Amino acid sequence: MAHPVQLGLQDATSPIMEELIAFHDHALMIVCLISFLVLYVLSSVLMTKLTNTNITDAQEMETIWTILPAIILILIALPSLRILYLTDEINNPSFTIKSIGHQWYWTYEYTDYGGLIFNSYMLPPLFLNPGDLRLLEVDNRVVLPIEAPVRMMITSQDVLHSWTIPTLGLKTDAVPGRLNQTTFTAMRPGVYYGQCSEICGANHSFMPIVAELIPLKIFEMGPVFTL
Amino acid sequence: AFKLLGFLDVENTPCARDSILYGSLGSVVAGFGHFLFTSRIKRSCDVGVGGFILVTLGCWFHCRYNYAKQRIRERIAREEIKKKILYEGTHLDPERKHNSNSSN
């Protein structure tokens, strides 16, 4: 989960998120250097005593400042497109879970090996135990296996929502009347938090997502099906 | 954590610290060297800034390329170790297949 005053991305729990973090670092370094250059040019222009009111053209400079940004954009676009297509790959998921957004809770359906359906409501602050996270804990977490490709089918029953878990690099809109698909493979066990990412009414900030990722062997023993 | 220009986390971003340090060194060398040859202060500052950007970018791309190759090698090694542990002693053991191929 995020820590207070966090500016950067959360640590990666899936290979896709690792790639996203690497791309973010790459783009940020380029942006940082461009900002540095612009700051320098700005201060240079502000402090110069040289003024020429008769400049008519500067062909070479215009050529450079057209071609160089184009090259920079290509350097940013190529890794970006690579990751875009990586996120769309369907890698033979071994498990499918449906997530349905409502105002203002999530419903999860495990229908591969039975008919388990349950709602996931945020725990109000009065119901929290010591050490629990305010506005993030839920009554029923979505339990998933690690090191196995999982497919999430996401939709909504009323208005737009968005199912998000930042550490897995997942953000998928829940659109009423449409089924969106996302797949992921988690690498580490743990409890990971996310929050609804599409404005959906008064309690939009109060319908979190909590994924409990457990080893595949324990998942197969069926703890999720004992509800 | 120290953030360059307020947003670049130099400490925790792989290759960032080395790139910025090499860039700073390149900037000083280029700027000072230009000044020694030409005695033009303003132009030397421009050369220094240009040198900083070019050297930082060059080190950054070189380091990130090697870092990406290393990550791929690490991932392959992790998968192979897992496979080895899982299949050791069975007919799917990769080492067994390799040994039988080399003995043939």
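## Cysteines and the A–B interface

In this predicted model, C63(B) comes out partly exposed, with a relative accessible area of 24%. Its partner is C15(B), and the two are joined by a disulfide with an S to S distance of 2.0 Å. That bond ties together distant parts of the chain: C15(B) sits in the loop between β2 (8-9) and α1 (16-38) of chain B, while C63(B) belongs to helix α2 (residues 41-87), 48 residues apart. The torsion about the S-S bond is about -75 degrees, so the disulfide is left-handed. Over all chains, the count is one disulfide.

What about other cysteines? C200(A) is in no disulfide, and the nearest cysteine sulfur, in C196(A), lies 3.8 Å away. For C45(B), the closest cysteine sulfur is in C32(A), 19 Å off and too far for a bond.

| Cysteine | Relative accessible area | Class |
|---|---|---|
| C15(B) | 12% | buried |
| C63(B) | 24% | partly exposed |
| C200(A) | 5% | buried |
| C45(B) | 40% | partly exposed |

Now to the interface. Chain A puts 20 residues in contact with 24 residues of chain B, and the two chains bury about 1900 Å² between them, 72% of it on carbon and sulfur atoms. M29(A), L33(A) and Y40(A) supply 31% of the area chain A buries there, more than any other three residues.

There's charge pairing too: six salt bridges cross the interface. One of them links R75(B) to E19(A), with the closest N and O atoms 3.6 Å apart. On the chain A side, helix α1 (residues 15-47) gives the largest share, 17 residues. By type, that side divides into 13 nonpolar, three polar and four charged residues.

Methods. Residues numbered from 1 in each chain as written. Chains lettered and ligands numbered in written order. Predicted model: local features only at pLDDT ≥ 70, side-chain atom pairs only at ≥ 80, totals over all residues. Heavy atoms only, no water. Contact = heavy atoms within 4.5 Å. Buried area = accessible area lost by both parts, 1.4 Å probe. Salt bridge = Lys/Arg side-chain N within 4 Å of Asp/Glu carboxyl O. Helix = DSSP H or I, 4+ residues; strand = E, 2+ residues; numbered from the N terminus. Nonpolar A, V, L, I, M, F, W, Y, C, P; charged D, E, K, R; others polar. Disulfide = S-S within 2.5 Å. Buried < 20%, exposed > 50% of the residue type's maximum accessible area, 1.4 Å probe, protein only.
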